[in-house]
Amino acid sequence: MKKIYNTFILAILFSVIVKAQNTKPEVLRIINKVNHYWQSNNKAEVRAFWDNAAYHTGNMEVFALTKDENYRKYSETWAAYNQWMGAKSTDKSQWKYKYGETDDYVLFGDWQICFQTYIDLYHLDPQEHKIARAKEVMEYEMASPASDYWWWADGLYMVMPVMTKLYKTTGNKQCLEKLHEYFSYANSIMYDQETGLYYRDAKYVYPKHKSVNGKKDFWARGDGWVFAGLAKVLKDLPKNDQHRKEYISKYKRMANAIIESQQAEGYWTRSMLDAAHAPGPETSGTAFFIYGLLWGINNGYLKEKTYLPAAIKGWKYLSKTALQENGKIGFVQPIGEKAIPGQVVDQNSTSNFGVGAFLLAGCEYYRFLKK
């Protein structure tokens with residue numbers, strides 16, 4: 001009886017906290033303000049590389065929530081500008097998958113994240129040309145003998161959801177088989193068994209690489225990519241997938257490590273376990289964490305009483321500190337691959353992928369409040 005009473009009191013307390021933080025109309029106002037600011041100040045006609053494509057994953061979530069046709073048209077314009085392709089080489093003998101920004105790096109995940117948005121747009125208005133390139137590229141990749149396509153943490157967000165979305169669209173079971181094969185390779189080189197977190201890539205594995213205070217150096221945005229990517233995978237993965245328990249286990253272990261390393265102000269520092277390495281707030285990693293936590297709460301994977309306080313603190317940081325008066329999202333660490341001591345990240349530091357992450361978090365918070 002006492003346990004039931006305590007749970008009841010906690011539920012009331014959480015409800016009071018949430019209502020004190022934000023209401024549905026206020027969260028929706030913030031989401032629209034941020035997205036309108038970005039689209040008003042940035043043209044849609046830009047390349048389909050990862051940073052722009054990461055923004056569009058957030059924009060499509062906002063469209064799913066609001067049904068605002070202006071948001072859909074913005075992503076549709078971007079997709080059409082890029083001919084519904086990532087890297088555009090047609091010579092398969094030249095296709096590469098290590099790091100590269102030219103059109104021959106077709107198999108590099110940073111050129112494949114765009115397929116997430118193309119597939120989403122296809123489902124709104126099914127026309128084969130929208131997913132033809134995604135199918136061509138991913139089917140070619142899956143037919144190759146290589147397994148080491150995802151050699152950096154970011155790649156798990158870029159491409160894992162492409163595999164599950166493509167499976168749902170085509171029914172090709174190879175998408176799920178290769179998803180696990182590539183994920184297993186990524187775990188073999190980046191996953192830290194002790195903490196449940198991911199190094200950005202093999203260069204940063206402890207003790208080969210250490211933070212300034214000799215600790216394991218887990219880059220917040222890198223782990224944010226993985227955590228958000230796992231949430232997206234679980235969203236679309238069949239309930240009877242043979243590896244589902246493994247994805248859930250990785251996701252829940254990350255959730256525990258994430259809430260344990262949150263700062264009192266609600267954000268995560270760039271080096272998660274060594275706040276002194278690169279102190280101060282950072283928005284992109286924080287936003288991906290909040291998205292992943294709220295998604296887990298909303299879908300029954302994470303217990304509300306354990307994870308909601310961290311999510312609320314994080315949203316408070318995002319909506320009160322990261323969000324600037326004009327709608328700009330600040331404190332986004334610039335493009336890079338690690339926490340850099342001395343790097344200035346302030347209210348004027350913004351970027352497309354950081355805005356996308358903020359929008360993802362806002363949409364999940366709205367859905368939580370709607371419940």
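## The enclosed space

About 40 Å³ of space lies in the largest cavity. A cavity here is a set of points, on a 1 Å grid over the protein atoms alone, where a 1.4 Å probe fits but cannot get out. Grid points are joined across faces, edges and corners, and a volume is the space filled by probe spheres set on the points. The structure holds one cavity of 30 Å³ or more. This is a predicted model: local features need pLDDT of at least 70, side-chain atom pairs count only at pLDDT 80 or more, and totals for chains, interfaces and linings use all residues. Residues are numbered from 1 along each chain as its sequence is written, and side-chain values use heavy atoms, with hydrogens and water left out.

The largest cavity is lined by His56, Thr57, Met60, Glu61, Gln116, Thr117, Asp120, Lys165 and Lys232. Lining residues have an atom within 4 Å of a point. H3 and H5 are the elements that give two or more residues to this lining. H3 has the largest share, four residues. By class, the lining has one nonpolar, four polar and four charged residues. Ala, Val, Leu, Ile, Met, Phe, Trp, Tyr, Cys and Pro count as nonpolar, Asp, Glu, Lys and Arg as charged, and the others, Gly among them, as polar.

The largest pocket has a volume of about 350 Å³. Of its 15 lining residues, Glu61, Ala64, Asp120, Lys165 and Lys235 are the closest to its centre. A pocket is an open set of points with protein on both sides within 12 Å along at least five of seven lines. H3, H5, helix H7 (154–170) and helix H9 (220–236) each supply at least two lining residues. H3 gives the most, with four. The lining divides into five nonpolar, one polar and nine charged residues.

The second largest pocket holds about 170 Å³ of space. It has 16 lining residues, and Trp50, Tyr99, Asp110, Ile335 and Gly336 lie nearest its centre. H3 and H9 are the elements that give two or more residues to this lining. Its residues divide into seven nonpolar, one polar and eight charged.

Helices are DSSP runs (H or I, at least four residues), numbered from the N terminus. H3 has 17 residues and reaches 24 Å from its first C-alpha to its last, close to the 24 Å expected at 1.5 Å a residue. The expected span is 1.5 Å times one less than the number of residues. Of the 17 residues of H3, 14 are buried, so the helix is largely enclosed by the rest of the structure. Buried means under 20% relative accessible area, exposed over 50%, partly exposed in between (1.4 Å probe, protein chains only).

Lysine 67 sits in the loop between H3 and H4. Its phi is positive, about 60°, although lysine 67 is not a glycine. Lysine 67 is exposed, with a relative accessible area of 56%.

## Helix H4

Helix H4 (residues 69–81) has 13 residues and spans 18 Å from first C-alpha to last, close to the 18 Å expected. Aspartate 68 caps its N-terminal end, with a side-chain oxygen 2.9 Å from the backbone nitrogen of asparagine 70. Just after H4, glutamine 83 takes a positive phi of about 60°. Glutamine 83 lies in the loop between H4 and H5.

Tyr71, Arg72, Tyr74, Ser75, Glu76, Trp78 and Ala79 are buried in H4. The cover over these residues includes helix H2 (24–41), helix H3 (50–66), helix H5 (114–124) and helix H6 (129–143).

Aspartate 223 lies in helix H9. At 0% relative accessibility, aspartate 223 counts as buried. Beyond residues up to four places away in sequence, aspartate 223 touches Leu197, Tyr198, Phe218, Met254, Met272 and Phe289. Contact means heavy atoms within 4.5 Å. Aspartate 223 and phenylalanine 289 are 66 residues apart in sequence and 8.3 Å apart in space, C-alpha to C-alpha.

Aspartate 201 is in the loop between helix H8 (174–190) and H9. It is buried too, with a relative accessible area of 2%. Its side chain makes a polar contact with the side chain of arginine 200 (2.7 Å). A polar contact is a pair of N or O atoms within 3.5 Å; within protein, one must be able to donate a hydrogen and the other to accept it, and residues adjacent in sequence count only if both atoms are side-chain atoms. Proline 207 is also found in the loop between H8 and H9. The peptide bond from tyrosine 206 to proline 207 is cis, with omega near 5°.
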